[in-house]
Amino acid sequence: MVTIRDKQVLQSEVHDPFVLQQARDILDKCSSPRLMQQEVINAVERNAIWRGEECLNLLAPEAPTSPTVRNLLSSEVGTRAAEGHIGSTQRWFSGTKHIDEIESLCVELLKKVFKSNYADHRLVASMLGNLTVYAALTKPGDNIMTIPQPTGGHSSNRQDGPAGIRGLNVYDVPMDPNELTVDLDAFAARAREIKPKLVSLGASMTLFPFPLKEMSAVVAEWGGKIFFDGAHQLGLIGGGQFQDPLREGAVIMTGSAGKTFSGPQSGIIVWNDPEINKPITDAIFPALAATHQVNRVAALAAAAAEFLAFGEDYMAQIVKNAQALGNALQERGVTMLGAHKGFTRTHQVIADVRAYGNGLDIAKKLGQANIITNKNLIPSDQPEDWDYPSGLRIGTTEVTRLGMKEKDMETIADFILAVLEDKKSPENIRKEVIEFRKPYQKIQYCFD
Ligand SMILES: *Cc1c(COP(=O)(O)O)cnc(C)c1O
């Protein structure tokens with residue numbers, strides 16, 4: 001019998017109730033917990049074949065890791081507990097001598113890649129990296145300025161994310177919707193009114209560099225600071241293919257190691273100033289991290305070593321591929337943002353797909369053809385367009401690591417257009433995508 005309480009639980013469930021019901025049906029059919037476990041393994045396998053071997057993954061926040069990095073993620077050390085700072089007197093648990101080796105190698109490798117005085121490796125995600133920065137460098141009630149979502153901003157720097165949790169007053173960084181970067185004059189005027197303690201330059205839709213030096217000079221008038229949330233651009237920065245925030249006025253940079261950096265999903269923080277060292281590290285431990293997945297830290301260290309050897313070439317090819325893809329799509333009639341500036345200086349291009357429908361439906365249709373992208377707000381969208389925005393974000397990190405070059409971007413553009421213009425059924429395009437993907441299975445830019 002379904003009780004009122006059951007109904008309430010169902011109605012308040014945030015996840016898709018149909019998908020959860022399917023899972024309950026599967027578990028109900030299992031005659032033992034062992035078979036339930038097998039169902040989990042089967043789902044993982046299905047994903048590994050589909051996403052791992054048969055799809056064109058063009059999601060900008062994704063990157064495939066090398067076999068070595070992947071192996072380290074399941075290493076024995078992942079079952080060990082280590083918290084605190086590196087070194088036996090700063091740990092609560094004993095038995096950490098080799099863990100100290102792993103973690104210190106990770107920290108020193110990160111410092112080498114990002115040419116910074118300090119680096120932290122302990123956070124599982126960049127959301128927590130951003131919360132660390134807000135906890136360390138602001139107080140509740142402080143004013144900050146951050147980029148709004150339709151021009152590329154991310155929830156972590158807005159009222160609904162860590163900045164909001166910290167109780168900050170969040171004001172918009174004025175963006176130029178055509179140039180797709182900060183409107184410097186409007187920024188200077190607005191910032192002089194608000195006098196933000198911190199200006200966060202964090203963008204998930206990121207095509208062009210920001211005028212960091214000029215912005216730093218403005219906020220320096222009242223002792224404000226620039227925080228660069230390089231979640232997406234982290235790899236491009238480490239590989240010398242984007243602006244270099246720590247040398248252009250940012251006091252601190254966070255980033256997601258699982259995006260262009262192509263390591264295990266993690267939050268990385270790098271900074272140079274000894275004065276903020278204590279507040280930052282106090283916010284990490286004991287505030288936001290206790291045990292910190294040393295398997296992930298080992299994988300991160302291995303990815304950083306790969307980066308030292310291959311990062312520059314790999315990241316340069318990602319950008320070349322993104323520019324080639326932007327050009328190929330534009331030539332085929334798709335409206336591309338930033339076309340007049342060469343489409344992009346990053347791993348992403350943004351299509352305005354209004355001529356073909358809305359971003360959500362088009363991303364779904366591309367998905368049926370094994371082409372994975374995401375819907376995206378673009379500057380002309382309003383907040384109420386959130387679920388059905390007009391844009392599509394397309395990234396070239398994974399296809400580049402699989403060895404694709406500029407000419408392959410033409411083929412990918414043909415596939416995308418075939419879906420957008422209903423030239424063939426998604427099912428037929430899907431078969432062609434699987435064939436096209438077949439020779440591109442091996443991860444490049446690594447020692448394996
Ligand atoms: C992805 C993203 C984050 C969050 O990173 P996670 O590692 O997924 O937690 C933060 N800021 C920006 C700008 C992002 O794009």
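I count two residues as in contact when they have heavy atoms within 4.5 Å. The model I am working from is predicted.

**Entry 1: domains.** I looked up the domain assignment of the protein chain, which gives domain 1 as residues 68–305 and domain 2 as residues 310–437. I then checked how they meet: 22 residues of domain 1 are in contact with 28 residues of domain 2. The centres of domain 1 and domain 2, taken over C-alpha atoms, are separated by 28 Å.

**Entry 2: annotation.** I found an unreviewed UniProt entry that annotates residues 38–416 as "domain: Serine hydroxymethyltransferase-like". Over residues 38–416 I note 42% helix and 16% strand. The end C-alpha atoms of this stretch lie 36 Å apart.

**Entry 3: the sheet of 7 strands.** I traced an open sheet with mixed pairing and wrote down its order as β2-β10-β9-β8-β7-β3-β4. The edges are β2 (118–123) and β4 (169–172); each has a single partner strand, so one side of each is left without a neighbour in the sheet. Direction ignored, neighbouring strands here are turned by 20° against each other on average.

I followed one pair in detail. Strand β3 (residues 143–146) runs parallel to β4, with 4 bridges between them. Ile 144 has Val 170 of β4 as its bridge partner.

Next I looked for helices on this sheet. Helix α6 (residues 126–137) packs on it and touches β2, β3, β7 (198–202), β8 (225–229), β9 (250–256) and β10 (267–271). The direction of α6 makes about 155° with that of β9. I also noted helix α8 (residues 184–194), which lies across β3, β4 and β7 and runs at about 165° to β3.

**Entry 4: the sheet of 4 strands.** I traced another open sheet, with antiparallel pairing and the order β11-β12-β15-β14. Here β11 (335–336) and β14 (374–376) stand at the edges; with a single partner strand each, they have one side left without a neighbour in the sheet. I checked the antiparallel strands β12 (residues 348–352) and β15 (residues 391–395), and 5 bridges join them.

**Entry 5: helix α2.** I tested the length of helix α2 (residues 17–29). At 1.5 Å a residue, its 13 residues should span 18 Å, and the end C-alpha atoms are 18 Å apart, which agrees. At the start of α2, I found a side-chain oxygen of Asp 16 within 2.9 Å of the backbone nitrogen of Phe 18.

Methods. Residues numbered from 1 in each chain as written. Predicted model: local features only at pLDDT ≥ 70, side-chain atom pairs only at ≥ 80, totals over all residues. Heavy atoms only, no water. Pairing = 2+ DSSP bridges. Helix = DSSP H or I, 4+ residues; strand = E, 2+ residues; numbered from the N terminus. Axes fitted to C-alpha atoms, helices over the stretch in contact; angles between N-to-C directions. UniProt positions renumbered as here; feature names shortened; annotations may be inferred. Expected span 1.5 Å × (residues − 1). Polar contact = N/O pair within 3.5 Å; in protein donor to acceptor, adjacent residues only side chain to side chain. Domains from an automatic or database assignment.
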